[in-house]
Amino acid sequence: MAATTMSNFLSISSSSLPFRRTSFLSSPSRPHSFPLPSFPHVKKAVWGQGHVLVQVNCVSDRSKQTAESEAETASSPSSLESSSSSAIIDGDDDAGITAYKWCAGLGGIGFLETAYLTYLKLTNSDAFCPMGGGSCTTILTSAYSSVFGIPLPLFGMLAYGLVMRLGLQLGAKKTTSDTEKTDAEIILIGITTSLAVASAYFLYILRTEFGGELCLYCLASAILSFSLFFITLKRFGSHELQKTLGLQLFIASSVVIALTASYSDVQSASSSMTETEIPYFETEITQESSPLAISLAKHLHLIGAKLYGAFWCSHCLDQKEMFGREAARMLDYVECFQEGVSKGTKMAQVCSDVKLEGFPTWVLSGEKQLSELATLSGIKLEDISPN
């Protein structure tokens, strides 16, 4: 009777539970044994002789779902950490793309500037300089405007163009492999390093060799170079820069050595010029004056035009030869080195007050044709009648 009741209890309670059939317990007083299911939550207790009380804890499907949810919740910190790490990586990629776009934009501006300066250098044209007067042309046409005979702006155009190209390549999402991206980043940090070092070198030249003169193109290029350099430094970070520090030092040293070697002849010529003593001498004009030149010289004298020059200046002599002997004597010529040239010699005060930028100087610097001087003085050549 007890066995029948227990069997019915088990068959009702375990109908919804998975089980496997095993030999559970046999009564010692009966030869017959019956199989009972094996449950994970079964507690056994003896109930009288030969009888067993079985307490079954049923686990429903809803309980299973609750247990699975708890298990997922227990493992959720690692999932959250993984998603957080992914978000950080995505944020770093977005910041990197933005930095590369800045490099592309600034590189494009530098490319346009240096392309314009290269054109001026190759065509021997004067640069448009809204500030500083003729300082831009003086500096851009000096001996420091070429490196080993190659126009300096041409090097800048190639460097800025490559920075722009790399910035566009690295700024595009998922367009390059990891190997290509690494190679492009190394090239980028190398170019920006060379641009920054070269700009610092030229700022030193501008300060020591062209003291007091202003070159907007030089300053603009320096600002672009330093901006590109600091953007790449911030993008790479200190950890990555430690890997490229040796390369950067090598590039910086190479740039300084190359520029110093290129300008060694210029600096030696400049120093020898300051040490050379040139006594003052009168220049001789051999050309005969035309009636037109004489009339123009009289007019220039009447309007108070002055010609500033130096006895050792070949362009000043050429300017006088255009007028000829008779007309040149009528000009108001100002000699800026009346005592000759020697170490420590300065220009005459009257020339310093005018802030001359070169010789000869009328209204603007440079040698002028007679027609140009007539135009600058406000006279038409056809209105001049020779006397």
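**Exercise 1. Which residues of α7 are buried?**

The model is a predicted one, in which local features need pLDDT of at least 70 and side-chain atom pairs count only at pLDDT 80 or more, while totals for chains, interfaces and linings use all residues. Residues are numbered from 1 along each chain as its sequence is written, and side-chain values use heavy atoms, with hydrogens and water left out.

Step 1. Begin with the terms: helices (H or I, at least four residues) and strands (E, at least two) are DSSP runs numbered from the N terminus, and buried means under 20% relative accessible area, exposed over 50%, and partly exposed in between, with a 1.4 Å probe and protein chains only.

Step 2. By this rule the buried residues of α7 are Ala293, Ser295, Leu296, Ala297, His299 and Leu300.

Step 3. For reading such a list, recall that an α-helix has 3.6 residues a turn, so residues three or four places apart point the same way.

**Exercise 2. Compare the spans of α7 and α4 with those expected.**

Step 1. The expected span of a helix is 1.5 Å times one less than its number of residues.

Step 2. Helix α7 (residues 291-302) has twelve residues and should therefore span 16 Å; its end C-alpha atoms lie 17 Å apart, which agrees.

Step 3. Helix α4 (residues 152-171), with 20 residues, reaches 29 Å from its first C-alpha to its last, close to the expected 28 Å. The buried residues of α4 include Pro153, Met157, Tyr160, Val163, Leu166 and Leu170, and several glycines are also on the list, among them Gly156, Gly161 and Gly167.

Step 4. Beyond the end of α7 comes Gly304, whose phi is positive, near 80°.

**Exercise 3. Describe how α7 packs against α8.**

Step 1. The axes of α7 and helix α8 (residues 314-330) are 9 Å apart and meet at an angle of about 35°, where axes are lines fitted to C-alpha atoms, for helices over the stretch in contact, and angles run from 0 to 180 degrees between N-to-C directions.

Step 2. The crossing of α7 and α8 is right-handed, a term used when the near helix is turned clockwise from the far one by less than a right angle, left-handed being the anticlockwise case.

Step 3. Contact (heavy atoms within 4.5 Å) involves Ala293, Ile294, Leu296, Ala297, Lys298, Leu300 and His301 of α7, facing Met322, Phe323, Glu326, Ala327 and Met330 of α8.

Step 4. Sorted by class, the contact has nine nonpolar, one polar and two charged residues; here Ala, Val, Leu, Ile, Met, Phe, Trp, Tyr, Cys and Pro count as nonpolar, Asp, Glu, Lys and Arg as charged, and the others, Gly among them, as polar.

**Exercise 4. How many disulfides does the structure hold, and what does each one join?**

Step 1. Taking a disulfide as a pair of cysteine sulfur atoms within 2.5 Å, the structure holds two.

Step 2. Cys215 is joined to Cys218, S to S 2.4 Å, in a right-handed link with 65° about the S-S bond. Cys215 counts as buried at 0% relative accessibility, whereas Cys218 is partly exposed at 24%.

Step 3. In the other disulfide, the sulfur atoms of Cys336 and Cys351 are 2.0 Å apart, and the link is left-handed, with -90° about the S-S bond. Cys336 lies in the loop between β8 (332-335) and α9 (349-354) and Cys351 in helix α9, so the pair ties together parts 15 residues apart in sequence. Cys336 is buried at 1% relative accessibility, and Cys351 is buried at 0%.
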